[in-house]
Amino acid sequence: MSASPLPTPPSAPQCAPYGAPLPPPAEPDRPRPTSLTDLFLSFTLIALQGFGGVLAVIQQQVVERKRWMSNEEFIEEWSVAQVMPGPNVCNLAMMIGTRHFGLAGAMSALAGILTVPLILVLCLALVYAQFATQPQVQGALRGMAAVAAGLIAATGLRMSSALARNVIPLAACIAIAATGFVLLAWIRLPLAAVVGLLGGLGCVLAWRGLKP
């Protein structure tokens with residue numbers, strides 16, 4: 001009678017050698033831009049919808065509609081875009097483009113966010129120069145500013161849901177946001193000073209929350 005083969009013991013999980021970098025974690029299966037043209041057209045449509053500011057539109061399109069990134073990822077990259085020199089939305093567009101297609105993606109996203117709106121703004125500037133003193137035009141612009149402020153406020157409320165999963169306690173996040181509003185809107189401190197002060201405080205709190 002032949003002896004039955006012994007069962008093969010399960011192999012131990014392979015670990016990286018001491019000092020070697022660990023492999024990056026697998027990214028979640030999420031939609032992404034299919035090409036540079038898709039990236040360019042997507043940001044062109046985002047820019048054409050962004051009356052008074054693109055933040056409200058880009059968060060809805062990138063996170064909720066296209067699902068290129070999660071709400072937490074959007075908040076992290078938006079925070080970096082705000083402390084970098086230059087327009088916030090342009091910085092964010094280049095970061096998203098770089099994430100998927102490198103330098104070519106960054107240039108395509110930036111071109112999409114700027115090209116068509118630039119042409120429209122130049123054309124509207126010629127018309128505005130003729131009718132800028134009309135009371136109806138001034139009233140319409142004030143109304144558009146109010147709508148833009150409401151869109152930004154609504155986007156902030158939607159993004160605030162991610163604060164519950166932040167390493168910084170929720171109470172501290174609310175306190176930092178309220179302090180920033182007071183310093184900018186009422187006391188009117190320079191933006192660079194507020195970002196340096198509260199941004200540094202947020203970095204310290206996040207480092208303490210991540211420290212083992």
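Start by selecting R67, which sits in the loop between α2 and α3. Helices here (H or I, at least four residues) and strands (E, at least two) are DSSP runs, numbered from the N terminus. You are looking at a predicted model, in which local features need pLDDT of at least 70, side-chain atom pairs count only at pLDDT 80 or more, and totals for chains, interfaces and linings use all residues. Residues are numbered from 1 along each chain as its sequence is written, and side-chain values use heavy atoms, with hydrogens and water left out.

**Stop 1**

Is R67 buried, exposed or partly exposed? R67 has a relative accessible area of 46%, so it counts as partly exposed. The words work like this: buried means under 20% relative accessible area, exposed means over 50%, and partly exposed lies in between (1.4 Å probe, protein chains only).

Now select M69, which is found in the loop between α2 (55–65) and α3. M69 counts as buried because its relative accessibility is 3%. Which residues does M69 touch, leaving aside its neighbours within four places in sequence? Show R30, V62, V63, F74, E77, I96 and R99, and you have its contacts. Contact means heavy atoms within 4.5 Å.

**Stop 2**

Move on to N71, in helix α3. N71 is buried because its relative accessibility is 12%. Not counting residues up to four places away in sequence, N71 touches Q59, V63, R158, M159, S161 and A162.

Next, pick T44 in helix α1. With a relative accessibility of 8%, T44 counts as buried. Beyond residues up to four places away in sequence, T44 touches G112 and V116.

**Stop 3: the whole chain**

Zoom out and colour by secondary structure. The protein chain has seven helices and zero strands, giving the pattern α-α-α-α-α-α-α along the sequence. Of its 212 residues, 25% count as buried. Among contacts between residues at least 6 apart in sequence, 58% join residues at least 24 apart. The chain exposes about 14600 Å², with carbon and sulfur atoms supplying 70% of it. Accessible areas come from the Shrake-Rupley method with a 1.4 Å probe; for residues, only the protein chains shown count as cover.

**Stop 4: confidence**

Colour by pLDDT, the predictor's confidence in each residue, from 0 to 100. The chain averages 80, and 85% of the residues score at least 70. Over residues 11–26 the pLDDT is below 50, and beyond near neighbours in sequence this stretch has two contacts in the model. Where pLDDT is low, the predicted coordinates should not be read in detail. Where among the helices is confidence lowest, and where is it highest? Confidence is lowest in helix α5 (residues 135–159), at a mean of 75, and highest in helix α1 (residues 36–49), at 91.

**Stop 5: the largest pocket**

Select I75, S79, Q82, I176 and A177, which lie nearest the centre of the largest pocket among its 36 lining residues. On a 1 Å grid over the protein atoms alone, a pocket is an open set of points with protein on both sides within 12 Å along at least five of seven lines, and lining residues have an atom within 4 Å of a point. The largest pocket has a volume of about 1900 Å³; a volume is the space filled by probe spheres set on the points, which are joined across faces, edges and corners.

Now show α3 (71–83), α5, α6 (170–186) and α7 (191–210): each supplies at least two residues of the lining. The lining divides into 24 nonpolar, nine polar and three charged residues. Here Ala, Val, Leu, Ile, Met, Phe, Trp, Tyr, Cys and Pro count as nonpolar, Asp, Glu, Lys and Arg as charged, and the others, Gly among them, as polar.

**Stop 6**

Select G180 in helix α6. G180 is buried, with a relative accessible area of 10%. Leaving aside neighbours within four places in sequence, G180 is in contact with V194 and L198.

Finish at R188, in the loop between α6 and α7. R188 has a phi near 60°, a positive value in a residue other than glycine. At 65% relative accessibility, R188 counts as exposed.

Note on methods:
1 Å grid on protein atoms, 1.4 Å probe; cavity = no way out; pocket = protein on both sides within 12 Å on 5 of 7 lines; lining within 4 Å.
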